Amino acid sequence: MAAKTHRTAAPTTVLSTRALNRATLDRQLLLRRSPMSAKKAVTHLVGLQAQNTKPPYFQLYARLADFDPEELSALMESREVVRTVSLRSTLHTHTADDALTLVPLVRAPRDRELKSFRRGLEGVDLDRLAAATEKLVEERPRPLGELRGELLTHWPDADPLALSVAARCVLPLVQVIPRGLWARSGQVALTTVEQWLGRSAGSAPALTLDDTVLRYLGAFGPASVMDFQSWAGLTRTKEVFERLRPGLLTFRDERGVELFDLPDAPRPDPDTPAPPRFLPEFDNVLLGHADRTRVIPEVNKGRNGKGKQTYGSVLVDGFLDALWRVDREGQTAVLTVQPLRKPTRAQRTEITEEARRMLTVMTDAEDHDVRFGTFLDFKD
């Protein structure tokens, strides 16, 4: 009788940190600048972190060939992209379609934020709050202070901060222009997504959580379940990945964590050159994973800011290795680079050349000066 043979499963491919870095940079359009339009890039990246008004422009400059900041500004003016609270209950720039269909899928982070303010909302009926807020902001876009004041007439005993936070948590709102326009801006004024866009959520293609996972992998993969949850601010999504597993590839990182990826997604050679890139504060490539070592070395964890102040990050050979900021001295834009590790002579030259290109496009200064120095003391 012939002996039984046992099939053994093929070993799972282990992706090194450097391999994950190059794959992520490629998906993020940071390995080489892309010719795609600003609108297509905002779609591909599933939005741009927009806690401040300038970072979305710098995010696109780092990723797109021949980017003109006025291109994104024009998209905001035509209401093809908007600023709204979404992922992780933070402000993002999204396309109009994503603002209508993605936001409801990330309601959980807003609900958690709302729960943390409940003590200041005693006696506030949230359904009534949503109705009152909707009526006010659809009459006309309301500055945040004015909206808060109007709501306090209904609930005078509520905590003012808690009330304004609750208003944006119970109702999808957008910040209307001129807030966020390039070289122009204004105070925060709010209205509903549907009022600003002139159409309902049902007018955009339906987006499921499965769709969102696949789009995330296309922009941030290969990634784990925890990576996705960290990016979206969600929990308990393992069953979504299990449902999608038959159509995905799986890998493991050097720590043994299972990673999922799209079969046809790029996974470049780990030795692929990665040019320097200047990223603004809160760029999603720095925030899009639970394990951020694929972009932020352990030695530099938490070193792109201090206290409540966050600075721009410089990727050197694909990894966070320096900080940057721009100051004006008369008609000169002075960009200071603070290395977190001493760059080679070649890297210093590449960083300087990239900095000068960025200053030419992203400032109106007549002259540019790139310096290497220290503006953040980690010893304090």
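Predicted model: local features only at pLDDT ≥ 70, side-chain atom pairs only at ≥ 80, totals over all residues.

User: Which residues is Asp26 in contact with, leaving aside its neighbours within four places in sequence?

Analyst: Asp26 is in contact with Leu31, Arg32, Pro266 and Pro268.

User: Where is Leu15 found, and what is its relative accessible area?

Analyst: Leu15 lies in strand β1, residues 14-15. With a relative accessible area of 12%, Leu15 is buried. Apart from neighbours within four places in sequence, its contacts are Leu20, Pro222, Phe251, Arg252, Asp253, Glu254 and Leu259.

User: How should I read a nonpolar core, and which residues touch the most other members in the largest one?

Analyst: A core is read as a set of buried nonpolar residues joined through their side chains. The largest nonpolar core has 33 residues, and those touching the most other members are Leu60, Phe67, Phe278, Leu335 and Met358. Elements that each supply at least two residues of this core include α3 (55-63), β14 (319-329) and α14 (345-362). The most comes from α14, with five residues.

User: What does Leu60 touch, not counting residues up to four places away in sequence?

Analyst: Leu60 touches Ala38, Ala41, Val42, Leu48, Phe67 and Leu72. A second, separate core has 23 residues, among them Leu102, Val106, Leu217 and Phe228.

User: How many residues of α3 are buried?

Analyst: Nine of the nine residues of α3 are buried, and the helix is mostly covered. Among these buried residues are Pro55, Gln59, Leu60 and Arg63.

User: Finally, how do I read the packing of two helices, and at what angle do the axes of α6 and α9 cross?

Analyst: One looks at the angle between the axes, where over 145 degrees counts as roughly antiparallel. The axes of α6 (residues 107-116) and α9 (residues 160-170) come within 9 Å and cross at roughly 160°. The two helices are therefore roughly antiparallel to each other. The crossing of α6 past α9 is left-handed. On the α6 side the contact is made by Arg107, Arg110, Glu113 and Leu114, and on the α9 side by Val165, Ala166, Arg168, Cys169 and Val170.

User: How many residues of this contact are nonpolar, polar and charged?

Analyst: The contact of α6 with α9 has five nonpolar residues, no polar ones and four charged ones.

Technical notes: Residues numbered from 1 in each chain as written. Heavy atoms only, no water. Contact = heavy atoms within 4.5 Å. Axes fitted to C-alpha atoms, helices over the stretch in contact; angles between N-to-C directions. Helix = DSSP H or I, 4+ residues; strand = E, 2+ residues; numbered from the N terminus. Parallel < 35°, antiparallel > 145°, perpendicular 65-115°, else oblique. Left-handed = near helix turned anticlockwise from the far one by under 90°. Nonpolar A, V, L, I, M, F, W, Y, C, P; charged D, E, K, R; others polar. Core = buried A, V, L, I, M, F, W, Y, C linked by side-chain atoms within 4.5 Å. Buried < 20%, exposed > 50% of the residue type's maximum accessible area, 1.4 Å probe, protein only.
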